[in-house]
Amino acid sequence: MSRFIETLYRSESGRILATLVGLLGDLDLAEEVMHEAFATALDRWPHDGIPDKPRPWLISAARFKAIDGIRRRARFDGVERDLALHLEAHRDETRIHESWQEEEIEDDRLRLIFTCCHPALPPEGQIALTLREVCGLTTEEIARAFLVTPATLAQRIVRAKAIIRDKAIPYQVPVSQELSARLGAVLLVVYLVFNAGYSAVATGAELSCEAIRLGRLLLELLPEPEMMGLLGLMLLQESRRVARSSAEGELILLEQQDRLLWNRDQIAEGVSLTGRALASRRFGAYSLQAAIAAVHAEASSTASTDWRQITLLYDRLIRIQPSPVVELNRAVAVAMCEGPEEGLRLIDDLLAGEELANYHLAHSARADLCRRLGRLSEARASYEKALALAGQEPERRFLAGRLRELK
């Protein structure tokens with residue numbers, strides 16, 4: 001029974017919490033009574049049996065606990081009294097309106113996502129709160145994924161909730177004229193969650209899956225083209241997870257990966273979503289990145305990849321989202337279609353500035369091109385710089401291996 005309730009919590013807590021926040025207008029109170037409702041279920045269901053509809057049962061139980069909690073206070077102001085009366089008056093509403101309950105719950109979830117990703121919150125607070133309240137991950141799980149202590153992660157959540165409370169951030173989806181800008185913040189949070197899992201290669205699968213699950217939810221609730229592009233991008237990148245590292249956890253670059261290990265179902269879905277996003281002509285940076293990933297995914301080998309098309313896609317991406325990292329990726333694509341000399345020239349131009357000076361992948365890319373050109377002393381120097389800057393252990397082992405090969 002405890003395993004069933006644990007699974008139910010993971011799959012349904014986001015919906016339940018969103019509904020309770022809508023009823024109570026208070027995130028802390030909603031979270032408190034939801035946990036009490038699950039504790040009650042853990043106590044009663046083994047004896048009473050699992051209800052036919054567990055989620056409405058939990059929502060109802062949590063609502064009654066909220067009413068009881070307000071009543072038990074020695075003094076409460078008019079707002080609390082009005083809330084208690086409202087909850088009492090509508091205690092049977094769930095049973096009466098079950099026909100529209102699903103739609104209402106999904107609207108509540110969308111409101112909760114936009115609340116957790118409000119730009120007034122710091123980015124780390126947005127991520128922590130979204131994973132905690134929308135995805136239902138525990139504080140310990142999130143802390144482990146982001147390599148921080150549970151206490152640090154808990155502080156981020158507490159601070160984020162305090163900002164929501166102190167600034168009276170509304171629990172709502174932005175109005176149409178604000179939606180585009182606010183949706184960008186939501187998509188960024190989802191992608192940051194995904195990248196945290198994706199960069200962890202061997203240990204980040206759970207976090208990447210949560211980001212994809214969140215992406216599916218957002219697409220269902222808000223079918224915008226750029227949401228399709230982001231979900232397509234995540235699926236196309238995740239499709240290569242098994243091939244990206246060896247059984248011993250060693251990093252395997254794209255050109256050496258066994259493409260038979262790539263997940264074809266994820267590729268097919270990712271390509272389809274990307275195509276729909278591009279066809280809308282209202283796409284943005286995520287859709288263009290997905291298009292680049294799709295070119296890689298549909299090629300049978302590195303040699304047969306259409307690098308010129310990838311270069312053109314990077315040209316377009318730079319126009320709408322200029323960044324040194326995008327220019328670095330374009331330089332690598334240029335090296336593949338025009339030769340390593342041209343790619344190296346572009347990378348050296350980028351490294352002449354300061355923005356990529358501490359970016360290990362820039363030095364690693366330069367080292368690889370120098371190695372291909374036979375400029376081995378330069379390759380060694382660049383690999384050493386990359387190794388000094390790399391933070392992930394699989395990347396450090398890979399770079400150290402490259403250095404050993406050149407000695």
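This is a predicted model: local features need pLDDT of at least 70, side-chain atom pairs count only at pLDDT 80 or more; totals for chains, interfaces and linings use all residues.

Let me begin with R165 and D166, which form a salt bridge whose closest N and O atoms are 4.0 Å apart, a salt bridge being a side-chain nitrogen of Lys or Arg within 4 Å of a carboxyl oxygen of Asp or Glu. Both R165 and D166 are exposed, where exposed means over 50% relative accessible area, buried under 20%, and partly exposed in between, with a 1.4 Å probe and protein chains only.

Residues are numbered from 1 along each chain as its sequence is written, and side-chain values use heavy atoms, with hydrogens and water left out.

The structure holds 24 salt bridges, and one of them is between E133 and K161, with the closest N and O atoms 3.4 Å apart. This pair links distant parts of the chain, since E133 sits in helix α7 (residues 123–134) and K161 in helix α9 (residues 150–166), 28 residues apart; helices here are DSSP runs of H or I with at least four residues, numbered from the N terminus. Both E133 and K161 are buried.

Another salt bridge joins E250 to R397, the closest N and O atoms being 2.9 Å apart. E250 lies in the loop between α12 (225–238) and α13 (264–279), whereas R397 belongs to helix α20, so that the pair links parts of the chain 147 residues apart. How exposed are these two partners? E250 is partly exposed, with a relative accessible area of 31%, and R397 is also partly exposed, at 30%.

The axes of α19 (residues 376–389) and α20 (residues 393–406) come within 9 Å and cross at roughly 160°, the axes being lines fitted to C-alpha atoms over the stretch in contact, with angles from 0 to 180 degrees between N-to-C directions. The two helices, α19 and α20, are therefore roughly antiparallel to each other, a term for angles over 145 degrees. Among the residues that meet, α19 contributes L376, A379 and Y383, and α20 contributes L399, A400 and L403, with contact meaning heavy atoms within 4.5 Å.

How values were computed:
Angles under 35 degrees count as roughly parallel, over 145 as roughly antiparallel, 65 to 115 as roughly perpendicular and the rest as oblique.
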